[in-house]
Amino acid sequence: MSDIRQLRLARWERIKQRGIWYFVFFRGVLGWGISMSIIGIIFVHVLRDEEALPWYFILGMCMIAGFFWGLATWFVIMRSYSRALKPR
């Protein structure tokens, strides 16, 4: 097995050990959700649209979307991880 593949498997194992909710919260809600909300809030303020959504609405929606993004990413990663463990 190549070194890169072993490093990736070890990384996925660490992710799996921490659990789904740790991943969803830190990678999804905080990582993706907060990042996208900051970008969205900046974008709205740059446009200075009169009918723009309030910042707290953008923040909340992005955090909810981050939750679902984290869940989807978890299942994709774990599916790839289980396939990678199977012998060829």
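**View 1. Ala10 in helix α1.** Ala10 counts as partly exposed because its relative accessibility is 33%; buried means under 20% relative accessible area, exposed over 50%, and partly exposed in between (1.4 Å probe, protein chains only). Ala10 lies in helix α1, where helices (H or I, at least four residues) are DSSP runs numbered from the N terminus. The C-alpha atoms of Ala10 and Tyr81 are separated by 9.9 Å, although the two are 71 residues apart along the chain. This is a predicted model in which local features need pLDDT of at least 70 and side-chain atom pairs count only at pLDDT 80 or more, while totals for chains, interfaces and linings use all residues. Residues are numbered from 1 along each chain as its sequence is written, and side-chain values use heavy atoms, with hydrogens and water left out.

**View 2. Arg5 in helix α1.** Arg5 is placed in helix α1. With 23% relative accessibility, Arg5 counts as partly exposed. Arg5 and Ala84 are 79 residues apart in sequence, yet their C-alpha atoms are 8.8 Å apart in space.

**View 3. Packing of α1 with α3.** The axes of α1 and α3 are 10 Å apart and the helices pack at an angle of about 130°; axes are lines fitted to C-alpha atoms, for helices over the stretch in contact, and angles run from 0 to 180 degrees between N-to-C directions. The two helices, α1 and α3, are therefore oblique to each other (angles under 35 degrees count as roughly parallel, over 145 as roughly antiparallel, 65 to 115 as roughly perpendicular and the rest as oblique). The crossing of α1 past α3 is left-handed, a term used if the near helix is turned anticlockwise from the far one by less than a right angle, with right-handed used if clockwise. From α1, Arg5, Leu9, Trp12, Glu13, Ile15 and Lys16 meet Trp74, Ile77, Met78, Ser80, Tyr81, Ala84 and Leu85 of α3, contact meaning heavy atoms within 4.5 Å. The residues of this contact comprise nine nonpolar, one polar and three charged (Ala, Val, Leu, Ile, Met, Phe, Trp, Tyr, Cys and Pro count as nonpolar, Asp, Glu, Lys and Arg as charged, and the others, Gly among them, as polar).

**View 4. The largest nonpolar core and Trp74.** Nine residues make up the largest nonpolar core: Leu9, Trp12, Ile15, Phe23, Trp74, Ile77, Met78, Tyr81 and Ala84. Such a core is a set of buried Ala, Val, Leu, Ile, Met, Phe, Trp, Tyr and Cys residues joined through side-chain atoms within 4.5 Å. Helix α3 supplies the largest share of this core, five residues. Apart from its neighbours within four places in sequence, Trp74 is in contact with Ile15, Lys16, Gly19, Ile20 and Phe23.

**View 5. Crossing of α2 and α3.** Helix α2 (residues 20–47) and helix α3 (residues 55–85) have axes that come within 6 Å and cross at roughly 140°. Helices α2 and α3 are therefore oblique to each other, and α2 passes α3 in a right-handed crossing. The contact of α2 with α3 has 22 nonpolar, seven polar and one charged residues.

**View 6. Leu53 in the loop between α2 and α3.** Leu53 lies in the loop that joins α2 and α3 and counts as partly exposed at 48% relative accessibility. Neighbours within four places in sequence aside, Leu53 is in contact with Val44 and Ile58. Leu53 and Arg11 are 42 residues apart in sequence and 39 Å apart in space, C-alpha to C-alpha.
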